Amino acid sequence: MGIRSFFAKPFAHWVVNKYRITPSEAIEKQHFWLKSNIEKAKSTFFGKAYGLDKIQNYLDYKVQVPIFEYEDIKPYIEEAVAGKNDILWPGKPTYFAKTSGTTSGAKYIPISSESMPFHILGARDALLHYVHHSGNASFLDQKLIFLSGSPELALKNGVPTGRLSGIVNHHVPSYLRTNQLPSYATNCMEDWEEKLAAIVRETKDQRMGLISGIPPWVQMYFDRLEAQSGKKIGDLFPDFQVFVTGGVNFEPYRDKLMQSIGRKVDVIETYPASEGFIAFQDSTGEEGLLLLVDAGIFYEFVPTDTYFSASPTRLCLSEVELGVNYALLMTTNAGLWSYSIGDTVKFVSLDPFRVVVTGRIKHFISAFGEHVIAEEVELAVKEAMEACPETKIVEFTVAPNITPKDGLMPHHEWLMEFDSAPKDMELFQKTLDASMQRQNIYYQDLITGNILQPLRIQSLAKDSFIQYMKSKGKLGGQNKVPRLSNDRILAEGLLGLKTE
């Protein structure tokens, strides 16, 4: 047993005990952070504009502060990016996390000296919960690889700016630095394919204990390793025990990743965002991720069926219910206020508060009023793969086809790249459609009313999604393919690649 794993177990026990709180304590901590963040920021430009000094409770807060999306808060962020002090939070941000917006271009999310530690603690404590519940800490004595963005940061009027994963890289604890891969120079490479080749060279002969990254880009890494070595990942890395993932629902990628590994490894799911570390998997035996209620963030929850109304319903943690889809709002100790991060969540436990991510509030299909969401299509895929277990899916997305060129009725088109296609495509397609009808009554009504015909699958050529993301400059890093689009832009882009 190495020194890291030796000390990790008692430390993990202490950390896990800190998280054992009652629902009422969790709610108290939430209101503490609302009050604390308001008090800290009441003299800022934003605080004066929205009368934060007049707020006494959550009801006051909802009256004074509206829901903000990025475009709404962008003028304040631009002032902060320009170098001005005390705009959204006292002083200047410690960092700007740069993200790729689908509608707003590049987004700059402020990170403060107060919020930065919680980004690190969230990742650390996810690992320590695993150590405590599994009894396994030996992976900490092996090499650890984090597939992340470049840690090389630009300056925006004196404020370091870059991808969140690159920023976090500067805060990896010193006791893990000696076994962290890839090297700093490799991590700084901007071209994903060149970087991936360098990572393969640096890691293929190492004793890898933990691998972390977004599933589709980890799969690319595994494919390269397999192609070069001729071995399954689990054979190439006999010490590989733990896979840490976040950013997307892991289930659609699980089978293919495990096939590449060739044996069982433990999986830790996390829910990090540039705005804050939101949740992590605290138990292998329970559904959902533990909501981090004491991490500088006050959460609000908007039932998705009210989000686009003139007066959306806003709820705090004490008001949520099981099984309801909510748009997630965050008020942070970096100066974001009732900020909609775009994700939708559903509570699967209220003691403790655990959530699953169900999709994106603006990623849906409702060309005919059906409002299909990501959770529904991902469950449908899971059920279809159970019906056709030989099926392995690389990636997929869904879009409406309102005016098909071949004279068919309107339908939902599922664009799928298979590593192993179903032997009975008709059964696979029918299982998908049956699942969608069972889950979504509006979709079912459209099918039975002959407004839509059952969904159709369009099989894509190998590497179609990789080539599309590459064409958009979004290959690797923290970039993700949308599961759903209410238009044909992504679908036509993928189909266009197929004929080139």
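Start by selecting Ile278, Phe301 and Trp337, the residues with the most contacts inside the largest nonpolar core, which has 82 residues. A nonpolar core here is a set of buried Ala, Val, Leu, Ile, Met, Phe, Trp, Tyr and Cys residues joined through side-chain atoms within 4.5 Å. Buried means under 20% relative accessible area, exposed over 50%, and partly exposed in between, with a 1.4 Å probe and protein chains only.

Now colour helix α6, residues 116-134: eight residues of this core come from α6, the largest share. Then select Val200, Phe243, Tyr253 and Leu494, which are among the 41 residues of a second, separate core.

A word on the model. It is predicted, so local features need pLDDT of at least 70 and side-chain atom pairs count only at pLDDT 80 or more, while totals for chains, interfaces and linings use all residues. Residues are numbered from 1 along each chain as its sequence is written, and side-chain values use heavy atoms, with hydrogens and water left out.

Next, the rings. How many aromatic pairs does the structure hold? There are 26. Rings of Phe, Tyr and Trp (its six-membered ring) pair if their centres lie within 6.5 Å; planes under 30 degrees apart are stacked, over 60 edge-to-face, and the rest tilted. Select Phe45 and Tyr76, a tilted pair with 6.1 Å centre to centre and 55° between the planes. Phe45 lies in helix α3 (residues 45-49) and Tyr76 in helix α5 (residues 70-81), so the pair ties together parts 31 residues apart in sequence. Helices (H or I, at least four residues) are DSSP runs, numbered from the N terminus.

Buried or exposed: which is Phe45? Phe45 is exposed, at 52% relative accessibility. Tyr76 is buried, at 13%.

Go to helix α11, residues 215-229. Its 15 residues reach 21 Å from first C-alpha to last, close to the 21 Å expected at 1.5 Å a residue. The expected span is 1.5 Å times one less than the number of residues. Its buried residues include Trp217, Tyr221 and Leu225. Gly230 follows α11, with a positive phi near 75°.

Last, the cysteines. Cys316 is buried at 4% relative accessibility, and Cys388 is buried at 2%.

Methods
Helices (H or I, at least four residues) and strands (E, at least two) are DSSP runs, numbered from the N terminus.
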